[in-house]
Amino acid sequence: MEQEQKPYLQIEQLSKMFGTFKALSEISFEVFEGEFICFLGPSGCGKTTLLRCIAGLDIQTSGSVIQAGKDISVLPPTARDFGIVFQSYALFPNLNVRKNLAYGLENRKIKKAEIENRVQELLSLVGLPGHEEKYPAQLSGGQQQRIALARALATWPGLLLLDEPLSALDAKVRVHLRHEIKELQKQLGITTIMVTHDQEEALTMADRIVVMDHGTIAQAGSPVDIYRNPASEFVADFVGTMNFLPATAITESNIRLGELEIELDNSAVKMTPDQKVTLCVRPEDLLLGQLSDQPSNSAKVAVEGLEFLGAFYRAQLGMEGFNDLPLTIDLPPNIIDKHEIKVGAELAVIFPKDRIHVFSVS
């Protein structure tokens, strides 16, 4: 996103209290026009509360919400420019699809012919032409969610808010629909914020991810940046799979892992000798070496378990000199076959120094 571009949505020092409980703590960030942002985090981290504050469904205790240069902090939801899709679809069960889609347009006193044209346009947009006479109960979960999305877009909003819109659907429908939503968002160019606890959903759909933890922003960045360069152990643990290994600093750029000395490429932590740290490395970033060689950052390991996960195998490894060390490596099936890797096999594993993250132990 270009730096000169003016933010479409600005959240400034936003906090929200529920009695004595602080759900949000001085949240500040910007969203640019046409961006797809995901609020990602575990249950209770504040992501839905933040979305509701943007929508005006909850009013913040302090701080402000500015949309398209206008302070909307205390405006009721009806006076704000957004469409929203909930996890539960929230379609009117007693109204057919046509009337569900027309509801917001009728409230704006738009002419009947224009409403009918818009209804047909929306049905084509979400791939459900000819469904206007059906009632919600006659539609599948995926179809209901598409209608809910069409209804949210009916009044041409400047901002689309999605509150875990896919979590009630089965896995196959969810994967298909997230692709459709992303394509639709790109086609319309509508600024979109989606709440999800599903990391895969965030990684595949978002332009930027805002990872939340206990009412604060733990890290914000592109999916690649969040995945490749986690800012904390929390982010490293929540996004993707990670090996967490207790280690001790030797110098600013070397640590000791059991009996193994590991050289670091560029440690984000300023380490002092004997400092306790946590080494983090993703299972797919570990490399296989040759048992006959002893390159730097390599360790002799034994395969203690092998799990087939379709596209890859996940091997549980025991490391020489560090018997209790939980270490996993992900390997493609052709490598497993080529090297005849099975439980009990001995391997050499290399810790690539440019893929290692180190965090200080608090």
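Q: Hi! Let's start with α1: is that helix mostly covered or mostly exposed?
A: Mostly covered: helix α1, residues 47-55, has 7 of its 9 residues buried. Buried means under 20% relative accessible area, exposed means over 50%, and partly exposed is in between, using a 1.4 Å probe and protein chains only. Helices are DSSP runs of H or I with at least four residues, strands are runs of E with at least two, and both are numbered from the N terminus.

Q: Which residues of α1 are the buried ones?
A: They are K47, T49, L50, L51, C53, I54 and A55. Just after α1 comes G56, with a positive phi of about 85°.

Q: Good. What kind of model is this, and how are residues numbered?
A: It's a predicted model, where local features need pLDDT of at least 70 and side-chain atom pairs count only at pLDDT 80 or more, while totals for chains, interfaces and linings use all residues. Residues are numbered from 1 along each chain as its sequence is written, and side-chain values use heavy atoms, with hydrogens and water left out.

Q: Thanks. How many helices and strands are there in the protein?
A: There are 9 helices and 20 strands. The C-alpha trace spans about 80 × 45 × 40 Å along its principal axes, and 48% of the 362 residues count as buried.

Q: On to pockets. What's the volume of the largest one?
A: About 670 Å³. A pocket here is an open set of points on a 1 Å grid over the protein atoms alone, where a 1.4 Å probe fits, with protein on both sides within 12 Å along at least five of seven lines; lining residues have an atom within 4 Å of a point. Grid points are joined across faces, edges and corners, and the volume is the space filled by probe spheres set on the points.

Q: Which residues lie nearest its centre?
A: F82, G83, I84, G104 and T155, out of 23 lining residues. β6 (83-85), α2 (97-107) and α4 (141-153) each give two or more residues to that lining, and α2 gives the most, with 5.

Q: And what about cores: which residues touch the most other members in the largest nonpolar one?
A: L101, I147, L149, L162, I181 and V239, in a core of 43 residues. A nonpolar core is a set of buried Ala, Val, Leu, Ile, Met, Phe, Trp, Tyr and Cys residues joined through side-chain atoms within 4.5 Å. α4 gives the most to this core, with 6 residues.

Q: What is L149 in contact with?
A: Leaving aside neighbours within four places in sequence, L149 is in contact with V85, L160, L162, I181 and L184. Contact means heavy atoms within 4.5 Å. There's also a second, separate core of 31 residues, which includes A247, L264, L327 and A345.

Q: Switching to P246, where is it?
A: P246 is in strand β11, residues 243-249. P246 is partly exposed, at 49% relative accessible area. Not counting residues up to four places away in sequence, P246 touches L257, V277, F322 and L325.

Q: Last one: which loop holds H214?
A: The loop between β9 (208-213) and β10 (216-221). H214 has a phi near 50°, a positive value in a residue other than glycine, and counts as exposed because its relative accessibility is 66%.
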